[in-house]
Amino acid sequence: MFAPAPYLLKDVSVSQVMTQVCIALVPGIAAYAWLVGPAILAQLVIASLAALLAEAAMLRVQRKPLALFLSDGSAIVTAWLIALTFPPLAPWWLVVTGTVFAIVIAKHLYGGLGQNPFNPAMVAFAVCIVAFPALMSQWPVVGLQQSLLEQINVILGLSPRLDALSSATPLDAMKTSLKLGEGSVDVAQLLANQDIFGNFAGRGWEWVAAGYLLGGLWLWQRKLISWHVPVAFIGALALISGVLWLYNPAQFANPLFHLFSGGAMIGAFFIATDPVSGCTTPRGKLIFGAGAGLLAYIIRVFGGYPDGVAFAVLLMNLCAPVIDLLTQPPIFGMKDKA
Amino acid sequence: MLMNLFKFKGGVKPPTNKTQSVGLPIAQAPLPSRLVVPLHQSIGGTPRPVVEAGDHVLKGQLIGEADGWISAAVHAPTSGTVLAVEMQAQPHPSGLDALCVVIEPDGKDEWIARETVDYKSLKPEEVRERLQQSGVVGLGGAVFPTHGKLTASKTVPMDELVINGAECEPFITCDDLLMRERADEVVRGIGIFRDLLQPKKVLIGIEDNKPEAAAAMRAAVAALGEDFAVVQVPTLYPAGGAKQLIRVLTGKEVPASKRSTDLGVQCFNVATAYTAWRAIAHGEPVVSRLVTVSGNVQEPRNYEVLIGTPMGELLKLAHPHPDTDGIVMGGPMMGFLVPNADVPVVKATNCLIAHSERIFPPKAPEMPCIRCGACAQACPHELQPFELYWFSRAKNFGKTQEYAIFDCIECGCCSFVCPSRIPLVQYFRFAKSEIWARERDKNAADAAKARFEFKQLRDEREKAEKAEKLAKAAAAQAAKKAAEAAAAAAAETVVAESPAGGPVAAPTAAPLDAGKEAKRATIEAAMARAKAQREAVQPKNTEAVTIEQQRAMDEIESRRVVLAPASQEPAGPTGEKAE
């Protein structure tokens with residue numbers, strides 16, 4: 001009989017980790033479904049099914065044990081992040097395309113669980129926003145009175161995609177208006193439009209972001225994520241938006257608006273903290289988080305896309321290996337030499 | 001006593017499982033039917049057997065003589081007859097057999113004449129030698145010969161002597177019971193160490209889950225009028241690792257590349273101090289030790305056990321449950337399953353745990369690493385276990401060394417917390433043993449190469465010397481001939497008495513030629529020597545290298561020199577002898 005020590009093991013597993021990440025997303029999802037519309041629940045189901053099917057197919061092809069890997073929960077986390085970052089009324093096939101691309105290409109073709117250099121959900125987002133820019137930019141008007149069934153019909157293409165359904169995200173609305181106004185419009189005037197904007201960021205969306213913040217803090221409290229990435233991400237985003245806001249408050253929105261808009265909160269706590277594609281050393285995590293926050297701001301304010309979190313995270317994923325290499329912490333007994 | 005304690009990073013808190021085995025006092029295990037005493041029970045040289053089959057031995061009689069300074073003697077655990085000196089299975093994860101002295105007890109348990117001395121009347125080196133002759137080794141599990149650790153550094157003053165009573169591994173309670181019941185002799189043993197090392201202070205570290213042991217030690221320290229500090233340290237595995245305990249008590253971090261004495265600190269286990277006292281003050285060599293028997297048994301407790309007792313016989317005393325399917329020697333974090341129940345208790349055996357799936361559930365299947373970093377957070381040596389794992393798996397051993405694999409103490413914290421259930425420590429052991437094996441192969445190859453080159457160099461030198469000798473002889477010959485010719489010519493001129501200048505030129509030319517000839521021969525010989533030397537230097541593929549490559553080569557070269565100074569030096573001479 002050969003079994004190596006330790007014989008006592010802590011009660012932890014990959015599926016426990018992934019399940020807790022999903023639980024941490026629940027407050028954000030609840031706010032989303034309540035304030036923006038129940039369509040997100042349908043999208044979560046569609047994305048999850050697509051992810052599990054794609055995962056099963058890829059596992060079968062590679063002859064890996066199906067039950068073991070399907071139950072690890074990693075595909076579900078990817079699926080949920082895709083559903084939560086895509087427009088809630090996007091057609092079903094768009095979400096499925098993104099999910100299948102994430103699981104098959106971004107994850108399994110790179111070696112499967114633990115091997116992907118890029119965050120699969122963000123790869124899906126980047127691919128779809130490049131391939132289907134119009135569909136990826138159609139967001140519903142917040143507070144739209146539509147039942148879950150009606151919304152599902154829109155997603156499945158059984159009901160027409162009414163123009164009234166499509167709007168821009170608060171971030172996009174802000175950027176476009178400022179650009180079109182060419183200096184004649186100021187941020188305060190725009191924020192007064194309560195159809196789009198709420199108390200401190202987008203109407204409804206600000207509470208979704210607050211939900212992610214709450215879930216993220218819970219993850220930190222459970223020690224599933226360390227403080228480094230979220231703090232650096234939020235700190236860098238607040239810093240750059242704060243500096244520009246102080247420089248010209250009429251043309252640049254305040255830090256609070258940026259932190260609670262778009263993918264900032266979900267990015268800081270759930271996407272940039274992905275251990276597989278991110279940095280692992282404490283200093284590396286700080287650089288990774290700060291870089292992602294900074295790039296997200298630059299892309300969303302000066303770039304051509306409505307939000308910059310996905311591209312920011314992917315760009316930092318590219319840098320992660322070299323950052324890790326350069327930020328190896330000193331080991332026990334060698335601190336004075338480092 | 002209030003004292004500023006330090007923290008080490010990482011560590012884990014497995015369930016301690018210690019209360020089961022502390023309820024009963026230490027019991028004397030009965031004489032077993034047979035004792036199998038391995039000769040190699042400590043780090044260092046393997047002791048040479050000094051008894052043969054058929055010899056009668058007394059309890060405490062020397063049966064294995066220390067081989068070199070880092071080695072410790074081995075003694076008969078009881079009186080009886082030597083049945084054999086033969087290879088037997090060992091309680092070692094390698095599963096390899098080793099030379100053992102098998103003794104059949106005669107039941108009398110008759111001691112040798114025990115000499116009691118006052119160690120203060122002995123010189124320090126005599127005390128160290130007595131410890132070596134008594135087989136005193138580190139009983140915390142590392143079994144390093146104790147006398148080898150009792151010399152202070154010549155350059156660094158000895159600040160602290162750390163005594164390890166932390167006992168951080170789950171299930172193990174033998175040090176706890178030892179301190180509770182025999183604190184007086186432990187403290188006296190510490191006194192010997194203190195007198196030899198002359199530290200500024202003595203710190204006895206005990207995890208705070210053993211208040212009874214700490215109280216007993218405090219009482220003993222006070223009763224003996226010593227100024228040792230008994231310090232309760234937070235219960236956090238592996239606080240009982242020597243380096244971790246030194247860190248907690250002194251704030252000093254001893255890296256793998258240094259001795260603790262280089263930092264002015266030394267560490268001994270409480271049980272080692274106890275056996276040192278018994279050896280010096282009572283003349284009793286180490287023939288028994290305390291062993292915790294716990295796990296899947298009805299009556300967990302601590303036993304005083306003779307070295308060489310078959311583990312199965314000891315385990316039976318605690319009545320193992322019927323579903324017991326193996327014996328773990330050591331704790332559940334760093335111990336290992338012994339190959340069978342017949343292997344003997346040795347000096348390193350601090351605990352036997354009856355293994356069953358009920359107390360140690362089978363591990364879930366291994367999953368891929370998700371780089372969550374839990375292992376890095378748990379590592380008390382602040383390594384990056386997941387990086388080491390990738391490199392070990394890929395057999396990229398150079399990289400594992402870059403990431404300090406030899407600083408890994410194999411405590412098991414990383415495996416304990418890994419959500420993917422990766423047996424990380426196993427990967428690291430694999431990488432270390434591969435590196436050692438390659439180092440050994442490389443040293444052997446280097447030695448062979450050095451021998452070969454030396455032989456070639458000598459052959460070439462002999463050839464060159466021969467050529468030189470020949471050339472010299474030829475030159476001498478030519479000079480002689482020229483001289484003769486000159487003499488003849490001179491004779492002729494005397495006879496001819498020619499006034500003309502022409503013929504006179506001839507005799508002067510001959511000696512001139514002879515001189516030239518000799519010079520040429522010398523030059524040729526020198527050139528032959530140079531050529532031989534050039535050829536002796538083997539052609540290398542290291543002429544056109546980049547700066548980085550050169551640097552890497554220099555580094556490897558320097559490492560090799562450090563690793564094997566002894567094996568390389570004698571290579572030439574031994575090669576010469578072999579011929």
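In chain B, strand β17 (residues 351-355) runs parallel to β13(B), and four bridges join the two strands. Within this pairing, Thr292(B) is placed opposite Cys351(B) of β17(B). The model is a predicted one.

On β13(B) there is also an antiparallel pairing, in which six bridges connect the strand to β14 (residues 301-306) of chain B. Here Ser288(B) has Leu306(B) of β14(B) as its bridge partner.

Burial along β13(B) was then examined. Strand β13 (residues 288-295) of chain B is largely enclosed by the rest of the structure, because eight of its eight residues are buried. In a regular strand, side chains alternate between the two faces of the sheet. Both faces of β13(B) are covered. One side carries Ser288(B), Leu290(B), Thr292(B) and Ser294(B), the other carries Arg289(B), Val291(B), Val293(B) and Gly295(B), and all of these residues are buried.

Over all chains, the structure contains 30 salt bridges. Side chains of opposite charge can pair when their charged atoms come close. One of the salt bridges is formed by Arg48(B) and Glu65(B), whose closest N and O atoms are 3.3 Å apart. Arg48(B) belongs to strand β3 (residues 48-49) and Glu65(B) to strand β5 (residues 62-65) of chain B, so this pair ties together parts 17 residues apart in sequence. Both partners are classed as partly exposed, Arg48(B) with a relative accessible area of 41% and Glu65(B) with 34%.

A further salt bridge links Asp159(B) and Lys252(B), with an N to O distance of 2.9 Å. Asp159(B) is in the loop between α1 (124-133) and β9 (160-164) of chain B, and Lys252(B) is in the loop between α4 (242-250) and β12 (265-269) of chain B, so the pair ties together parts 93 residues apart in sequence. Asp159(B) and Lys252(B) are both buried.

Lys399(B) and Glu402(B) also form a salt bridge, with 3.1 Å between the closest N and O atoms. Both residues lie in helix α9 (residues 397-402) of chain B and are three residues apart, about one turn of the helix. Lys399(B) is partly exposed at 24% relative accessible area, whereas Glu402(B) is exposed at 57%.

In chain A, a nonpolar surface patch is formed by Leu217(A), Trp220(A), Trp227(A), Val231(A) and Leu286(A), with about 470 Å² of accessible area together. Of these residues, Trp227(A) is located in the loop between α10 (205-221) and α11 (228-247) of chain A. The relative accessible area of Trp227(A) is 42%, and the residue is therefore partly exposed.

Technical notes. Residues are numbered from 1 along each chain as its sequence is written. Chains are lettered from A and ligands numbered from 1 in the order in which they are written. This is a predicted model: local features need pLDDT of at least 70, side-chain atom pairs count only at pLDDT 80 or more; totals for chains, interfaces and linings use all residues. Side-chain values use heavy atoms; hydrogens and water are left out. Patches are made of residues with over 30% relative accessible area and no salt bridge: like charges are joined within 9 Å, nonpolar side chains (Val, Leu, Ile, Met, Phe, Trp, Tyr) within 5 Å. Accessible areas come from the Shrake-Rupley method with a 1.4 Å probe; for residues, only the protein chains shown count as cover. A salt bridge is a side-chain nitrogen of Lys or Arg within 4 Å of a carboxyl oxygen of Asp or Glu. Buried means under 20% relative accessible area, exposed over 50%, partly exposed in between (1.4 Å probe, protein chains only). Two strands pair if DSSP finds at least two bridges between them.
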